Amino acid sequence: MIYKVISKREFKAFIDALVRNNSSFGPRKVDTGSNGEPIYQFMPVKSVDEINFDYTVTHSSAKHFFLPYRDELSHFNFSDGNWEQEIQYESPPIILIGLRPCDINAVNILDDVMLHGAYPSPYYLARRKNTFIIGMDHLPLPDCFCHSMNRHTVNHGFNLFCSDIGDSYYLSINSSKAFNFLKEFRIEEPSYEDNCSLIERRKNIKNSFETKIEVSGLPCFLDIEFDSPIWQKWGDKCLSCGSCAMVCPTCYCYSVEERFDVDLKGSTRQNHLYSCNLVDFAQVTGGHNFRPKNGDRLKYRYYHPYRGFAANDNQQICVGCNRCGRACLADINPKDVINDLRLERESCMICVSPSPDKT
Amino acid sequence: MHDMRFTIPGQDLNREPFAVKIPDFQKKSEVMITDKGYKCRITNIVPLSDLERLFQLRIIDPLEREVFNFRPGQFLMLEIPGYGESPISISSSTSNHEFIELCIRKAGHVTSALFEARQGAFVSVRGPFGTAFPMAEMQGHNVLLIAGGLGIAPMRAPLFWINDHRDKYRDVFLLYGAKEPSQMLFTYQFEEWKKVSHVQMSTIVEKPDESWTGRSGMITALLDEFTFDPKDTYAIVCGPPVMFKFVCSHLDRLGIPMNRMFVSLERRMHCGMGKCCRCMVGSTFTCLDGPVFDYWSVMNLKEAI
């Protein structure tokens, strides 16, 4: 990794040069929410003026550039009682601008899932390799809890990372490609003051987190609370719509379906992103559903990121962006559910355990 | 100002080696196991009962036929182009490289489409996926096979295996239960198993009709017909999920160690590769870590059966 400093004016020129000649996606205001807050999304951009560098956070995550809602896995061409299978992995090169550290961490987690498992996914790999990622740090929103998940900083998985230090950006250059682009522009070695302001910025970000979730020992805790009535309580609120999984930067569960082409001369096998909150997620042929109740499915939605993945890969899959909490129509968010879960047992322990010292 | 001409050719955006071994797209074998299916011809269809048929498939490409090796208990993804994919357990002999046999019940979208297919139709299979019954570990021990209903389909692969290596195993028992006598599958093979494979076999039905002369009741009732040392016995249990619980707890009471009882779980896999999470039980993938689990692991998995 090479560290450089670039002035904001020069940085804009750099981004402008990049986006004018490449297929690029950056944060843009697309709508205004019911609370008056602007809604940002990663949208195609053609010039630097279209990008909101000081956006808060996008509504959907950046995972859709790697795991699209619908992805064609293979195509069958029919011919006279026979068929041929055709598979394509190609993906056009794109540039993603302005990903937050939690977004980049989420992509790193997806790498673990999609590429380091038993069967690496070539579809994902093609997209991942052809994506140039420029990350930017930001001050957290009141409901972000990346710090609790230890995902508020990022060390790898990007080509270029920019930290805002007042008049200029402190660049972490993580690829030769990015360095080659930057050669054309005026970049300086970081001075002592720059280093100090970077550390100040990091400290500022770290101390700005208002929401905290206690996740230490959570896998064990979830095991103990498997039959807790809390799940039913929150499950009764849950509408089983699957919004949370669609905006989540790390939810990758999918469903495979096959459909005929309109001309009936072929068919495609597609995967589309799915949510474990949807009713038929665990349904098997014959109609038996292993998770028929809302509470069961909501529980699984929490078990997969916080427990299951920890057991398999020694890390928790949640990055703490709270997109699911913002998107939820029934106002369920991880902070409340997990705190509720912890509180339940603790309050009950206060009730039953004799505590003579307590005044 | 600067020269702002940057052109980034396709595939050349990020030259650095990525943190993973890249699958070689030219090498057929690496890509094949994930997404490309083996093209098969349906060579024979044997009707077994009203709802079940035995499909015999032959992989067309001789090289692919050679590559397709499976172990007893594994499953494959059967794909009918245009209709979809379905996980099916393989019920043919592992030593038979010429044909794959699948015992399939007409139940859902894909299998209904398959039942329309005639002999000579082309389908595609991906696989094999999943874990297998530890046949090597069972050598020198008694083997108790308990199948309920369609559970006889995955049981055929271990039966064939035992037949191939019969001298390595001690007493082998097959208990087979079905709901009605008409739903009993592979009745034509019973004599073969008894006389050629030297399997001690007994059958039972839940709802007997007038033609049925054998026993009726629950499958665990058959256990008193045979004498075996439970400490020296491996058990394989296949059947509907409701069956696992009472059969395995019965075997547990008999004294068979929990890590010597194997069950084959059933979930609706969509990818077979541990990606889609549709078959996840707790933190375990049925497609990667299963479908064969020992009863000890199943006991530790919440909501498994």
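The entries below cover the sheet in chain B and then the build of chain A.

I note that this is a predicted model, in which local features need pLDDT of at least 70, side-chain atom pairs count only at pLDDT 80 or more, and totals for chains, interfaces and linings use all residues. Residues are numbered from 1 along each chain as its sequence is written, and chains are lettered from A and ligands numbered from 1 in the order in which they are written.

**Chain B, sheet.** I found an open sheet of 6 strands in the order 4-3-6-1-2-5, with antiparallel pairing; strands are DSSP runs of E of at least two residues, helices runs of H or I of at least four, both numbered from the N terminus, and two strands pair if DSSP finds at least two bridges between them. Strand 4 (84-89) and strand 5 (100-105) of chain B are the edge strands, each pairing on one side only.

I then looked up strand 1 (residues 38-47) and strand 2 (residues 52-59) of chain B, which pair in the antiparallel sense over 7 bridges, and B:Ile42 has B:Leu57 in strand 2 as its bridge partner.

**Chain A, build.** I counted 12 helices and 11 strands in chain A. Its radius of gyration, taken over C-alpha atoms, is 23 Å, close to the 21 Å that the globule rule (2.2 Å times the number of residues to the power 0.38) gives for 359 residues, so chain A is as compact as a globular protein of that length. The C-alpha trace of chain A spans about 80 × 65 × 40 Å along its principal axes.
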